[in-house]
Amino acid sequence: MVVRIRLARHGRRNLPFYQIVVSNARTGRNSKPIEKIGSYNPIPDKDGNKLINLNFERAKYWLTVGAQPSEPVEKLLVKADLMPQAPKPWMETAAKKFKEL
């Protein structure tokens with residue numbers, strides 16, 4: 001059973017609101033999750049800040065157990081300093097080509 005940390009979309013058209021959830025990778029986007037660990041509002045407030053609420057202990061737990069974050073969640077976890085920024089495979093090949101020139 002592959003467990004993923006991903007975003008479940010809520011809200012209405014043009015006003016999205018996301019729950020950060022832990023769920024089975026084979027289930028649908030908005031199906032019942034194993035656990036809700038946070039929320040993310042991509043619409044900036046008056047100060048220009050995007051609101052992210054995250055339970056750090058539960059996120060660390062699921063990462064240590066082996067849950068794989070989706071790409072948007074991985075970006076949020078890197079900003080929260082819960083994960084190191086992993087280099088992408090295409091970056092390594094681009095660096096090799098650049099060195100050859």
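How many bridges join strand 2 to strand 3, and in which sense do the two strands run? Five bridges join them, and the strands run antiparallel. This is a predicted model, in which local features need pLDDT of at least 70, side-chain atom pairs count only at pLDDT 80 or more, and totals for chains, interfaces and linings use all residues. Residues are numbered from 1 along each chain as its sequence is written, and side-chain values use heavy atoms, with hydrogens and water left out. Helices (H or I, at least four residues) and strands (E, at least two) are DSSP runs, numbered from the N terminus.

- An open sheet is formed by five strands in the order 4-3-2-1-5, with mixed pairing; two strands pair if DSSP finds at least two bridges between them.
- Strand 4 (51–54) and strand 5 are the edge strands, each pairing on one side only.
- Strand 1 pairs with strand 2 in the antiparallel sense over 10 bridges, and Arg-6 has Val-21 in strand 2 as its bridge partner.
- Strand 1 pairs with strand 5 in the parallel sense over two bridges, where Ile-5 stands opposite Pro-69 of strand 5.

**Turns and loops**

- Two residues separate strand 1 from strand 2 in a hairpin, and Asn-14 in the turn has a positive phi of about 70°.
- Asn-14 counts as exposed because its relative accessibility is 63%; buried means under 20% relative accessible area, exposed over 50% and partly exposed in between (1.4 Å probe, protein chains only).
- Asp-81 is not a glycine, yet its phi is positive, at about 60°.
- The loop between helix 2 and helix 3 (89–100) holds Asp-81, which is exposed at 69% relative accessibility.
- Ser-70 sits in the loop between strand 5 (68–69) and helix 2 (71–79).
- With a relative accessible area of 13%, Ser-70 is buried.
- Leaving aside residues up to four places away in sequence, Ser-70 touches Arg-4, Ile-5 and Arg-6; contact means heavy atoms within 4.5 Å.

**Helices against the sheet**

- Helix 1 (residues 56–65) lies across strand 1 (3–12), strand 2, strand 3, strand 4 and strand 5, and runs at about 120° to strand 3.
- Helix 2 also lies across strand 1, strand 2, strand 3, strand 4 and strand 5, running at about 100° to strand 1.
- For these angles, axes are lines fitted to C-alpha atoms, for helices over the stretch in contact, and angles run from 0 to 180 degrees between N-to-C directions.
- Helix 2 has Val-73, Glu-74, Leu-76 and Leu-77 as its buried residues.
- These residues are on the same side of helix 2 because they cover an arc of only 160° around the axis; the arc is that of the directions from the helix axis to the C-beta atoms.
- An α-helix has 3.6 residues a turn, so residues three or four places apart point the same way.
- Exposed residues Glu-71, Lys-75 and Lys-79 are carried on the face of helix 2 turned away from its buried side.
- The packing partners of the buried residues of helix 2 are strand 1, strand 2, strand 3, strand 4, helix 1 and strand 5.

**Nonpolar core**

- The largest nonpolar core has 17 residues, and those with the most contacts inside it are Ile-5, Ile-20, Ile-37, Leu-54 and Trp-62.
- At least two residues of this core come from each of strand 1, strand 2, strand 3, helix 1 and helix 2.
- A nonpolar core is a set of buried Ala, Val, Leu, Ile, Met, Phe, Trp, Tyr and Cys residues joined through side-chain atoms within 4.5 Å.
- Not counting residues up to four places away in sequence, Ile-20 touches residues including Ile-5, Ile-37, Leu-54 and Leu-76.

**Aromatic pairs**

- There are two aromatic pairs; rings of Phe, Tyr and Trp (its six-membered ring) pair if their centres lie within 6.5 Å, and planes under 30 degrees apart count as stacked, over 60 as edge-to-face and the rest as tilted.
- Tyr-18 and Tyr-40 are stacked, at 6.3 Å centre to centre with 25° between the planes.
- Tyr-18 is in strand 2 (residues 15–24) and Tyr-40 in strand 3 (residues 35–41), so this pair ties together parts that are 22 residues apart in sequence.
- Tyr-18 and Tyr-40 are both buried.
- Tyr-61 and Trp-62 form an edge-to-face pair, because their ring centres are 5.3 Å apart and their planes are at 75°.
- Tyr-61 is partly exposed, at 37% relative accessible area, whereas Trp-62 is buried, at 11%.
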